[in-house]
Amino acid sequence: MTTAGELPALLACPRCDGPLAAAGTSWRCAGCAVDFPEIAGIPWLFAEPNASLGEWRGRLHFSLQRLERDRQQLAAALAGDNLRLATRARLERLEHATRDHADRLRALLAPLAIEQNTASYETYLALRTRLPPDQGLTTYYANIHRDWSWGARENDASFDMLAALLGNTAPGRVLVLGAGAGRLAYDLHARTSAQLTVAVDFNPLLMIVADQVARGATLELYEFPLAPRGDAAVLRTLAAPAPARAGFVPMLADVLRPPFRRGSFDTVVTPWLVDILPERFDVLCARVNALLADGGRWLNFGSLNFHDADPAARYGLDECRAALEENGFGDLQVDEREIPYLSSPASRHARLEHVVSWSAHKQRNGKKPQRFQALPEWLVRGTEPVPLSDSFRSQAAATRIHAFLMSLIDGRRSIKDMVKLIVEQRLMTAEEAESALRSFLTKMHDDARRGTTY
Ligand SMILES: C[S@@+](CC[C@H](N)C(=O)[O-])C[C@H]1O[C@@H](n2cnc3c(N)ncnc32)[C@H](O)[C@@H]1O
């Protein structure tokens, strides 16, 4: 049970913000009558704990299926004639690594109990929480290796940026949001006088690795380099320089429903996070403000590359600065540096990123942040009209044309035959139709050869 000292006094229910009490190996909100479990010894403080467990089980299942499909492809390639010796050896190593990797993932994530039934989608709807579909189990898999096996260069460059902002001040109670595989949170705890460091992420693979390595365990997991310099699968040993001292607490939770009482932390750190969240930066400012004690500090670090569908929300640094000031922050210090990013020693591919970091002090309370709702009312309740937005309108038109083109493929018609039908339907002129159809079918042909699945 993770009761690290003062932690219980900082926790709040992610559904109602009421108090949470330790109850054996779980946490309980008496108001909601909900128990939040621990998974692999890590508090699982999602607003809808069973539904999020179901989602992550599904993602693990999906990752394992994909690995098995990759392995079968390798086995099929190995069955081919006329393979060079070196090619055969490479494919054999990769097939073995792919199978072994799946076994290792399954064992590491056994606490998710993948074999159990997943919670229904309706439970998500009830609370309007939902994991973003673009966040798979292995979306940030390379971070595990960067954090715990590639050496100090990148990790030190990240820590140094935050250390420069901290100067000689003690960080007090620290919360790291979107902590990933946990190295920066670990370094902050190990290399500063932090009283308590809570590392929050919603990805169980990353947090389980962070937790085990920080406890002093040594793990072995494969790295599959983006552009291999040698082996396409490298078995890496993951280890921390030393076990974390007391007060380092990994936690599984959603940053958009943080399970903490107001004003619980002296320092909130957001490494590579602010621009990947699905809500406006202003709302995040209000959220961080609420988590900080008076005079507390927000340390941000990473890229500023907002992707919001609304161009007005894709802020640059000046707009972030203005939003910070409007949301109760002042005494702003900003630093920008070029640092290496995900430069694996096993890969020919590497990035340099021009990152920004800031320190902003909470000078007054901001607006109470709204509770995050992943889905709109018409989707949740199902009784209101589905809005005919411009985007839905154009998606519907494209899908109709797509479906029509697909329906023309019957194993007998040629491209020229199909063009005649498209022209008859007045969808395009003959010239347009022929080149559009050829690029459409070329893409399908390429997808089929690449083994893309839908
Ligand atoms: C770009 S990665 C950065 C990871 C880590 N901070 C680092 O610098 O290596 C973003 C991290 O945020 C996590 N994340 C994204 N949305 C989140 C959410 N709503 N709640 C909790 N974690 C989230 C992802 O799982 C991922 O680990």
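**Figure 1. Burial of helix H7 in the predicted model.** The structure shown in this and the following views is a predicted model. The buried residues of helix H7 are Arg-183, Leu-184, Ala-185, Tyr-186, Asp-187, Leu-188 and His-189. With 7 of its 9 residues buried, H7 is mostly covered. The helix spans residues 183–191.

Figure 2. Thr-192 is located in the loop that links helix H7 to strand S7, residues 196–201. Its relative accessibility is 18%, under the 20% limit, so Thr-192 counts as buried. A polar atom of the Thr-192 side chain lies 3.1 Å from the backbone nitrogen of Ala-194. Leaving out residues up to four places away in sequence, Thr-192 touches Phe-159, Leu-166, Pro-171, Asp-187 and Arg-245. One of these contacts, Asp-187, is itself among the buried residues of H7.

**Figure 3. The seven-stranded open sheet.** The sheet contains 7 strands in the order S10-S7-S6-S11-S12-S14-S13, and its pairing is mixed. Strand S10 (248–252) and strand S13 (329–341) each have a single partner strand and stand at the edges, so one side of each has no neighbour in the sheet. From one strand to the next, the twist averages 15 degrees. Strands of a sheet pair through backbone hydrogen bonds, in either the parallel or the antiparallel sense.

Figure 4. Strands S7 and S10 pair in the parallel sense over 5 bridges. Within this pairing, Val-200 stands opposite Met-251 of S10. S10 is mostly covered, with 5 of its 5 residues buried. Phe-248, Pro-250 and Leu-252 are buried on one side of the strand, and Val-249 and Met-251 are buried on the other. In a regular strand the side chains alternate between the two faces of the sheet.

Figure 5. Strand S13 pairs with strand S14 (residues 351–362) in the antiparallel sense over 11 bridges. Glu-353 in S14 is the bridge partner of Ile-339. Helix H9, residues 281–291, lies across strands S6 (173–177), S11 (265–271), S12 (292–302), S13 and S14. H9 runs at about 135 degrees to S12.

**Figure 6. Asp-294, an exposed residue of S12.** Asp-294 is placed in strand S12. Because its relative accessibility is 68%, over the 50% limit, Asp-294 counts as exposed. Apart from neighbours within four places in sequence, Asp-294 is in contact with Lys-362 and Asn-365. Cys-320 is 26 residues from Asp-294 along the chain, and the C-alpha atoms of the two are separated by 21 Å.

Figure 7. An N or O atom in the side chain of Asp-201 is 2.6 Å from an oxygen atom of the ligand. Val-255 places a backbone N or O atom 2.8 Å from a ligand nitrogen atom. For Pro-271, a backbone N or O atom lies 2.9 Å from a nitrogen atom of the ligand. On its own the ligand has 590 Å² of accessible area, and the protein covers 95% of that area.

**Figure 8. Polar contacts of buried Glu-223.** Glu-223 lies in strand S8, residues 219–223. At 4% relative accessibility, it counts as buried. The Glu-223 side chain makes a polar contact of 3.0 Å with the side chain of Trp-150. Another polar contact, of 2.6 Å, joins the side chains of Glu-223 and Ser-344. Not counting residues up to four places away in sequence, Glu-223 touches His-145, Trp-150, Ala-232, Ala-233, Val-234, Arg-236, Ser-344 and Ala-346.

Figure 9. Pro-243 has its place in the loop between strand S9 (234–238) and strand S10. With a relative accessibility of 53%, Pro-243 counts as exposed. Pro-243 touches Ala-214, Arg-215 and Gly-216, with residues up to four places away in sequence left out. Between Pro-243 and Leu-332 there are 89 residues of separation in sequence and 34 Å in space, C-alpha to C-alpha.

Notes. Residues are numbered from 1 along each chain as its sequence is written. This is a predicted model: local features need pLDDT of at least 70, side-chain atom pairs count only at pLDDT 80 or more; totals for chains, interfaces and linings use all residues. Side-chain values use heavy atoms; hydrogens and water are left out. Two strands pair if DSSP finds at least two bridges between them. Helices (H or I, at least four residues) and strands (E, at least two) are DSSP runs, numbered from the N terminus. Axes are lines fitted to C-alpha atoms, for helices over the stretch in contact, and angles run from 0 to 180 degrees between N-to-C directions. Contact means heavy atoms within 4.5 Å. Buried means under 20% relative accessible area, exposed over 50%, partly exposed in between (1.4 Å probe, protein chains only). A polar contact is a pair of N or O atoms within 3.5 Å; within protein, one must be able to donate a hydrogen and the other to accept it, and residues adjacent in sequence count only if both atoms are side-chain atoms. Accessible areas come from the Shrake-Rupley method with a 1.4 Å probe; for residues, only the protein chains shown count as cover.
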